[in-house]
Amino acid sequence: MRAGEALPPLEIPVTRTLIVAGAIASRDYQDVHHDAELAKAKGSPDIFMNILTTNGLVGRYITDHFGPTAVLRKVAIRLGAPNYPGDTMVLRGTVETVGTGPDGETATVRVVGANGIGKHVTGTVTVTLPPGGAA
């Protein structure tokens, strides 16, 4: 792990099932995440992914790359363009900083997830790899 290292991209198909399941799993019962007619009545072209699902997918992206011993210390994200069904979100990451401490190596990774209409999520993730746990 070194500053400037690019993580391989991860393509996530944005399905209606992913959006609804993510909302249910995170106990977010807002109608815009599961009812297309009500979402349209509120001005959206369709249902869209909630921030908790996006947060989980960003965490998955980091732990898929760094391995099962990786510990997410901080996830700071902002949403932009909505994730609608039928699109694909591509997550990309770049290691910004790396340091060593008593818990192992810690890195800050800049993450961007884009879909067909723009950047869905931007932010940083701080992750620690215990000694001997590097990917």
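Biologist: How do β3 and β4 pair, and over how many bridges?
Modeller: In this predicted model, strand β3 (residues 87–101) and strand β4 (residues 104–115) pair in the antiparallel sense over 11 bridges, where pairing requires at least two bridges found by DSSP and strands are DSSP runs (E, at least two residues), helices being H or I runs of at least four, numbered from the N terminus. Local features need pLDDT of at least 70 and side-chain atom pairs 80 or more, while totals for chains, interfaces and linings use all residues; residues are numbered from 1 along each chain as its sequence is written, and side-chain values use heavy atoms, leaving out hydrogens and water.
Biologist: What stands opposite threonine 97?
Modeller: Threonine 97 faces threonine 108, which belongs to β4.
Biologist: Which strands stand at the edges of the sheet?
Modeller: The open sheet has 5 strands in the order β1-β3-β4-β5-β2, with antiparallel pairing. Its edges are β1 (6–14) and β2 (71–79), each with a single partner strand, so one side of each has no neighbour in the sheet.
Biologist: Switching topic, how many salt bridges are there?
Modeller: The structure holds 5, counting a side-chain nitrogen of Lys or Arg within 4 Å of a carboxyl oxygen of Asp or Glu. One of them joins arginine 110 and glutamate 96 at 3.2 Å, N to O. Arginine 110 is in strand β4 and glutamate 96 in strand β3, so the pair ties together parts 14 residues apart in sequence.
Biologist: And where do arginine 60 and aspartate 64 lie?
Modeller: Both are in helix α3, 4 residues apart, about one turn of the helix, and they form a salt bridge whose closest N and O atoms are 3.1 Å apart.
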